[in-house]
Amino acid sequence: MKRPPVIIVQLIHIAGPMKGEIQEFSEGRISIGRHPSCQLRFPPDFTSISRNHAEIVRDGNQFKLVDHSSNGTFVNGKKAKEAYLKNGDILVFSEGGPKVSFLTQWKETEDFDQEFKAKPRPPSDLKPPIAQPEMARPEEISVQPLKIPMSFQYGPTIRAFKELPVTIGKSPKCDLILDHPAIFDHHAQIFFSQNQYWVKDMTGQKSVQINRQPIGFQASLKPNDDLGLSPQGPIFRFLGEGRFAEVEGSPDEVSIKPAEKKTQPKTPGEKGTKGFLSKFKKLIET
């Protein structure tokens with residue numbers, strides 16, 4: 001008796017860390033995420049991708065995408081929790097994240113067996129030839145809500161918060177919304193742990209920098225650190241005690257940007273700096 005045909009799923013990577021690669025799967029379920037058990041596995045520092053982000057499940061002769069993530073999966077530009085896939089559909093894992101094209105190929109069982117016996121597949125298409133990156137990755141710090149103050153001066157406005165974490169981005173769902181061309185919908189997060197303030201890069205693109213060095217995933221902040229949300233800005237000076245002030249000028253000569261005045265001396269004077277600190281202190285105490 002002739003067995004039913006095998007359907008091979010091809011995922012063609014259009015954008016992301018595996019751009020240009022074509023992966024084939026014959027399984028009835030394809031798990032996608034950062035977890036080591038996932039069949040389509042993204043690097044650990046792509047934090048916009050959930051550990052168990054999504055899966056593609058065979059349903060008869062069709063395939064269905066099921067999203068399990070916090071940042072969403074998009075099918076042809078539309079966010080979807082569940083969707084049946086067609087050849088040529090474009091999948092994006094989190095907004096602005098890795099992008100793949102979905103294709104299927106039918107093969108008779110006999111042809112499939114001969115092909116895979118003659119040319120066995122590697123143990124895993126996604127296992128790197130070197131040690132697992134997670135071995136060297138710093139342990140992810142648990143983010144807990146805490147009654148800790150934070151103030152952010154951006155342009156003419158100052159926003160004060162009395163509880164962390166604070167999420168920064170363009171999305172209306174973010175706590176601190178920044179209208180800047182280099183900012184993602186969910187870009188970064190400021191939180192407090194181990195008696196210090198931390199920043200987490202949520203872009204998965206290593207955009208966030210401290211003192212012009214990409215943090216990769218997360219890093220603690222020290223007073224007078226320059227926090228760059230992207231190589232194109234904006235940049236903020238961490239003044240300590242949860243206070244951030246926008247800075248202006250070249251990357252090598254940044255100076256605190258006034259919240260109200262549009263002009264200032266090229267070298268900020270002592271009076272101006274004290275004024276910012278006083279304003280931040282009043283906001284925190286209110």
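This report walks through a predicted model of a protein, from its overall make-up down to some single residues.

## The big picture

The protein has 286 residues, and 45% of them are buried.

What about disulfides? A search of the whole structure turns up zero of them. As a reminder, a disulfide is a covalent bond between the sulfur atoms of two cysteines. Two cysteines can still be described by their surroundings. Cys38 has a relative accessible area of 7%, which is under 20%, so Cys38 counts as buried. Cys174 is buried as well, with a relative accessible area of 6%.

## Strands E3, E5 and E6

Let's start with a stretch in the first part of the numbering. Strand E3 covers residues 29-33 and strand E5 covers residues 54-59; the two run antiparallel and are joined by four bridges. Next comes strand E6, residues 62-67, which pairs with E5 over six bridges, again in the antiparallel sense.

Which residues does Ala54 in E5 stand across from? In E6, the bridge partner of Ala54 is Asp67.

E5 and E6 form a hairpin with two residues between the strands, and Gly60 there takes a positive phi near 70°.

## Ser69, just along the chain

Follow the chain past E6 and you reach Ser69, in the loop between E6 and strand E7 (73-75). Is Ser69 buried or exposed? Its relative accessibility is 12%, and the cut-off for buried is under 20%, so Ser69 counts as buried.

Who are its contacts? Leaving out residues up to four places away in sequence, Ser69 touches Ser50, His53 and Lys81. Arg51 is worth a look too: Ser69 and Arg51 are 18 residues apart along the chain, and their C-alpha atoms are separated by 8.2 Å.

## A five-strand sheet

Further along, five strands make an open sheet in the order E15-E14-E16-E17-E20, with mixed pairing. Its edge strands are E15 (176-177) and E20, each of which pairs on one side only.

Inside that order, strand E16 (residues 188-193) and strand E17 (residues 196-201) are antiparallel partners, with six bridges between them. To find a spot on this pair, look for Phe191, which stands opposite Trp198 in E17.

Most residues other than glycine have a negative phi, and most peptide bonds are trans.

| Feature | Where | Angle |
|---|---|---|
| Cis peptide bond | Leu164 and Pro165 | omega about 10° |
| Cis peptide bond | Gly233 and Pro234 | omega about -5° |
| Positive phi, not a glycine | Asn224 | phi about 75° |
| Positive phi, not a glycine | Glu241 | phi about 55° |

Where do these residues sit? Pro165 is in the loop between strand E13 (157-161) and strand E14 (166-169). Pro234 is in the loop between strand E21 (226-228) and strand E22 (235-240).

Asn224 is found between strand E20 (218-220) and E21, while Glu241 is found between E22 and strand E23 (243-248).

Are Asn224 and Glu241 buried or exposed? Asn224 has a relative accessible area of 55%, which is over 50%, so Asn224 counts as exposed. Glu241 is exposed too, with a relative accessible area of 58%.

Technical notes:
Residues numbered from 1 in each chain as written. Predicted model: local features only at pLDDT ≥ 70, side-chain atom pairs only at ≥ 80, totals over all residues. Heavy atoms only, no water. Disulfide = S-S within 2.5 Å. Buried < 20%, exposed > 50% of the residue type's maximum accessible area, 1.4 Å probe, protein only. Pairing = 2+ DSSP bridges. Contact = heavy atoms within 4.5 Å.
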